[in-house]
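Q: I have a complex open on my screen and would like to go through it step by step. Could we start with the overall picture and then move to the details?

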Amino acid sequence: MARPIMPLLKGTLDVIILRTLGWGPAHGYAISRWIRQTTGDELQIEEGALYPALRRLEERGWVDAAWKTTDTGREAKVYQLTTLGRQQLQSELKSWTRYVAAMARVLETRPAEALS
Amino acid sequence: MRPDEELPLSRRLPVDEDVGRELAFHLAERERELIAQGWEPEKARAEARQAFGSLDAVASECKGITRRTRRARLRAETLDAFRQDLVLAWRLLRKTPGFTAAAALTLALGIGANAAIFSVVNSVLLQPLPYDQPDQLVDIAEAHEKGWSNPPWSNLLDWRAQSRSFDGMASYGRSVRTALTNEGPASLRSAVVSEDFFRLFRVSAIRGRLPAPDEHRPGASGVAVVSEEFWRAHLGATTDLAAERIRMDRDYQVIGVLPRSFRFPNNTDVWVALEPSGPTASRTAHNWSGIARLKPGVTVAAADRELDTLTARLARQYQPDFDAVGAIVTPLQDLLTISARRPLYLLLGASGLLLLAACTNLASSMLARGMARRQEVAVRIAIGAGRLRIVRQLFTEALLLALIGCVAGLLLAEALLRLFVHLAPPNLRLAEVHLDGWVLLFTALVGGTTTVLIGLFPALRTSGAEPAMALREGGRAGASRAERRIWNGLVIAEVALAATLLCGSGLMIRSLSRVLQVDPGFRPDNVLTVSMSLPTAVYDDDRKIDQLWTRVLESIRQVPGVEVAGLTSALPMSGNNSSGSFGIEGVPVPPAGYGPGNGGYRMVSEGYFAAMGIPVLQGRDFDQRDVDGAQPTVIVNRALASQWFKDQDPIGRRITLQSGMDNQGEGWLTIVGVVGDVHHRNLTIPAAPETFLPMHQRPSRGYSVALTLRTRVEPRSLETQVRQVLNQTAPDVVPAFATMRERLAASQTDRQFTTTILSAFALISLLLAGVGIYGVVSYTAVQRTREMGIRLALGALPMQVRGLVQRGALTQVAIGLLFGFAAALVTTRIMDSLLYEVNGADPVAFGAAAGLLVAVAWVASWFPAWRMARLDPMLTIRTE
């Protein structure tokens with residue numbers, strides 16, 4: 001716990017959830033576990049913050065939810081992308097990719113001569 | 001995966017539980033994972049909670065969001081469903097355009113007629129007069145042994161001085177005359193008003209000022225105030241009132257302009273400040289009307305009692321020159337609306353019946369539609385449509401229908417109102433009538449509620465158990481006994497309502513035709529009349545007036561097409577009814593000091609009787625012998641002759657006029673002729689005794705006259721020529737043209753107005769009854785198709801089958817007629833005063849109503865019956 005943790009940029013959680021659900025329907029805990037594993041604990045996400053985010057996505061019509069029985073026989077609320085959500089994911093992915101590329105260029109390109 | 005939020009509300013998890021369970025699941029899973037990694041259970045639980053953050057905050061945030069989501073979804077769904085219902089309803093209504101149009105029109109007629117009539121009643125009878133605290137304004141008249149009259153000025157002054165009920169008292173008189181303004185001659189309505197008159201109404205001048213008290217006194221300089229309209233039309237809206245003088249009987253200085261809202265009495269243009277001469281004047285000169293304002297809190301009855309007491313005291317003091325026995329205090333509003341009240345309430349009642357008929361008709365046609373749709377509803381319930389959903393659908397449909405009807409009703413009301421204003425007699429003063437919003441709302445609610453309630457009927461009738469039954473009956477599911485009874489009852493009610501209205505309008509039509517058959521006593525065809533009045537300040541001398549009219553008559557008689565011309569001071573049906581007492585030579589004058597005779601008096605020229613076609617029965621018409629200075633002569637009518645001279649010859653007998661008592665002792669007049677009776681006031685009022693004085697001997701009565709011309713051609717065609725002649729011979733007068741036919745018709749406008757509208761209502765209700773009968777007969781006929789098919793197969797003649805179907809309808813009409821006649825006998829009693837020589841139970845009117853209804857029922861039932869009679873028996877039996 002000693003290493004510095006990056007705070008999450010605003011709106012990033014939505015993209016992460018959409019991306020996760022892009023692989024298929026999942027319940028809240030599964031999403032949370034997946035985020036934890038893929039980010040390798042680099043991102044600082046309070047686990048609880050996931051749930052309001054999910055419900056907000058539901059309100060916007062990007063995800064649907066239904067109570068299902070899991071493989072382990074427990075009742076869980078399972079979320080899945082709606083058509084609208086899928087479109088949203090596509091456009092988010094595009095803009096993130098462009099954003100990241102642009103950032104990378106700025107951060108990595110060294111000027112050929114003095115800027116002034 | 002079907003999302004939970006699309007589940008019906010009942011199968012969704014409540015928000016609290018939904019959130020609680022989801023978060024609990026997360027914590028439990030996390031804990032399990034940690035334990036699996038080797039954590040101790042207690043530490044694992046703590047770690048799970050720790051990593052989660054604030055459980056309460058998250059939970060409440062989640063709940064908030066989901067609640068919001070659900071609310072929004074519910075709203076959208078409801079709106080969507082309503083739109084769907086509306087679209088479906090519209091489609092269904094369009095599928096049966098006949099029914100839809102008929103129902104909407106029925107509703108529209110009921111709403112339109114009621115809203116229009118009530119708006120008229122409201123603005124004419126119920127709206128307070130447009131003055132400050134109008135309920136305090138009262139008319140004051142004197143009670144006599146017989147009838148009433150205007151209060152003499154001296155009595156009014158005593159009342160004003162001695163009474164404590166009033167906050168002011170004034171008198172006013174009115175006349176129509178020609179005035180000369182700076183811009184030329186103008187015909188106007190003028191009023192002479194006493195001090196206090198304007199203060200009573202609490203009106204103030206919008207320009208200039210009102211007369212000061214001493215400007216009302218006889219002998220004052222003569223001032224007048226004018227209406228805003230007159231100020232604009234004849235004074236060019238001048239700001240320099242000081243330069244404006246109006247010349248009538250004398251010159252008046254214009255000192256002020258009154259606001260547009262003030263035209264009392266009777267659309268006055270010019271108010272002249274003048275009081276009758278001082279308190280010593282006669283106590284039996286009933287020239288001017290009295291008006292007063294009650295003190296706050298004083299009732300009309302109390303004021304009336306006080307004046308009665310005062311009058312009794314005055315009577316003791318001034319006998320015998322006193323003829324009042326009491327006072328009559330009437331709220332001004334009642335006085336102004338008295339003639340309109342009965343006809344309007346009658347029409348209001350009739351429009352109420354019409355609304356009832358419209359609702360009944362709607363009920364029966366919606367019922368029919370409902371029965372026809374029972375099977376559809378049953379099928380939909382059977383295949384699982386929610387009952388609520390079906391009720392909602394039917395409700396929407398009825399609502400849409402009601403809405404269409406209401407909008408059409410609104411448009412109709414507006415149109416009807418315009419028609420009323422156009423048809424209305426002038427005494428209704430409908431010009432400023434506008435549609436009343438509340439009554440529109442009320443009638444729309446009544447009509448709409450009926451539609452909606454009846455529209456829901458099929459859904460309410462088909463309870464959960466019934467669909468199967470309805471289906472089993474294979475669409476033949478007829479109306480139940482109770483339903484059929486309700487339906488028959490509705491049709492009977494429609495017939496009864498129509499019968500009541502038809503009887504009422506029949507009575508009015510009969511009265512009108514009786515009135516129009518009355519012989520007016522003159523021959524109204526081919527008579528042109530020209531009303532004129534003189535600016536008496538110019539014609540201030542009897543000789544001048546006499547010369548003017550002599551000149552006018554001479555030149556008018558030269559106009560080609562004029563057969564004979566004459567003059568009168570008062571045309572029949574003109575509202576000009578001067579009358580007074582007269583004495584008869586050889587008959588003692590009663591102790592009261594006047595009489596014994598009483599009757600109208602007019603000034604006429606030679607040729608008047610001939611022009612009007614009034615026969616000279618005895619003696620002669622006036623001629624060149626009856627001039628100023630010759631023996632004073634008079635012509636009387638038959639009513640006077642037969643009342644006072646019975647079988648003796650009246651020619652050569654003498655009478656004396658005591659009109660206004662002020663002219664007492666004016667001398668004896670020798671009767672030179674007797675003419676036929678004329679209905680002077682109105683066709684419905686019998687002729688009273690009348691005296692006619694020769695123009696040349698009474699020129700002072702000639703300041704306001706009417707020329708009467710009997711023409712060889714269409715009378716109106718002479719208007720231009722006559723106008724030209726008048727322009728040359730009498731440039732200071734403003735002539736007003738009308739044929740005697742037009743005057744006769746105008747005298748019956750109010751009767752015609754009431755009759756026309758009542759008859760229109762009756763016809764509509766008749767139509768509604770016809771539609772109702774058609775509906776029930778067609779339905780019953782379809783129900784009995786099989787029976788009729790069998791009858792035909794067994795050899796019944798088509799005619800017999802038709803008779804069978806129609807008999808049912810006629811039975812209902814008979815029952816309805818019985819109820820309708822009973823209602824008519826009761827309700828037409830309130831019409832008594834509006835009827836003329838027709839009994840309230842007139843067999844012709846009732847018979848006509850019955851005949852019309854039977855005829856309509858026969859026609860309405862004929863088509864369904866005919867269809868039945870044409871059935872192919874084999875086909876009908878097989879299809880069943």
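Predicted model: local features only at pLDDT ≥ 70, side-chain atom pairs only at ≥ 80, totals over all residues.

Q: In what order do the elements of chain A run from the N terminus on?
A: They run β-α-β-α-β-α-β-β-α.

Q: What share of chain A is buried?
A: Of its 116 residues, 30% count as buried. As for contacts in chain A between residues at least 6 apart in sequence, 54% of them join residues at least 24 apart.

Q: Now chain B, please. How many helices and strands does chain B have?
A: Chain B has 24 helices and 22 strands. Its radius of gyration is 40 Å, whereas the globule rule gives 29 Å for 880 residues, so chain B is more spread out than a compact globule.

Q: What box do the C-alpha atoms of chain B fill?
A: Along the principal axes, the box is roughly 140 × 90 × 55 Å.

Q: And how much of chain B is buried?
A: Buried residues make up 43% of the 880 residues in chain B. Among the contacts in chain B with a separation of 6 or more, 83% are between residues 24 or more positions apart.

Q: Which domains are assigned in chain B?
A: The domain assignment gives domain 1 (4-82), domain 2 (145-324), domain 3 (340-516 + 749-879) and domain 4 (539-731). The centres of domain 1 and domain 2 of chain B, taken over C-alpha atoms, are separated by 87 Å.

Q: What about the nonpolar cores? Which residues have the most contacts inside the largest one?
A: They are B:V495, B:A498, B:A499 and B:L853, in a core of 105 residues. If neighbours within four places in sequence are left aside, B:A499 is in contact with B:G816, B:L817, B:G820, B:F821, B:A824, B:A849 and B:L853. Another core, of 58 residues, lies apart from the largest one and includes B:A570, B:F609, B:I655 and B:V674.

Q: I also clicked on B:Q806. Is B:Q806 buried or exposed?
A: B:Q806 counts as buried because it has 22 C-beta neighbours inside 10 Å, and the cut-off for buried is 20 or more. B:Q806 is placed in helix α22 (residues 798-827) of chain B.

Q: Which residues is B:Q806 in contact with, leaving aside its neighbours within four places in sequence?
A: B:Q806 is in contact with B:W858, B:S861, B:W862 and B:A865. By contrast, the C-alpha atoms of B:Q806 and B:A303 are separated by 65 Å, and these two residues are 503 residues apart along the chain.

Q: Let us turn to where the chains meet. How many residues does the contact take from each chain?
A: Chain A gives 23 residues and chain B gives 24 residues. On the chain A side, α2 (28-39), α3 (50-59), β4 (63-69) and β5 (75-81) each supply at least two residues. The largest share, six residues, comes from α3(A). By class, this side of chain A has nine nonpolar, four polar and ten charged residues.

Q: Finally, where is confidence lowest and where is it highest in chain B?
A: Confidence is lowest in helix α13 (residues 466-472) of chain B, at a mean of 55, and highest in helix α16 (residues 608-612) of chain B, at 94. Over residues 660-665 of chain B the pLDDT is below 50. The mean pLDDT of chain B is 82, and 92% of its residues reach 70 or more.

Q: And for the complex, what ipTM and pTM does the predictor give?
A: The predictor gives an ipTM of 0.89 and a pTM of 0.71.

Key
Residues numbered from 1 in each chain as written. Chains lettered and ligands numbered in written order. Helix = DSSP H or I, 4+ residues; strand = E, 2+ residues; numbered from the N terminus. Rg over C-alpha atoms; globule rule 2.2 N^0.38 Å. Buried ≥ 20, exposed ≤ 12 C-beta atoms within 10 Å, placed from the backbone. Contact = placed C-beta atoms within 7 Å. Nonpolar A, V, L, I, M, F, W, Y, C, P; charged D, E, K, R; others polar. pLDDT = per-residue confidence, 0-100. Domains from an automatic or database assignment. Core = buried A, V, L, I, M, F, W, Y, C linked by C-beta atoms within 7 Å.
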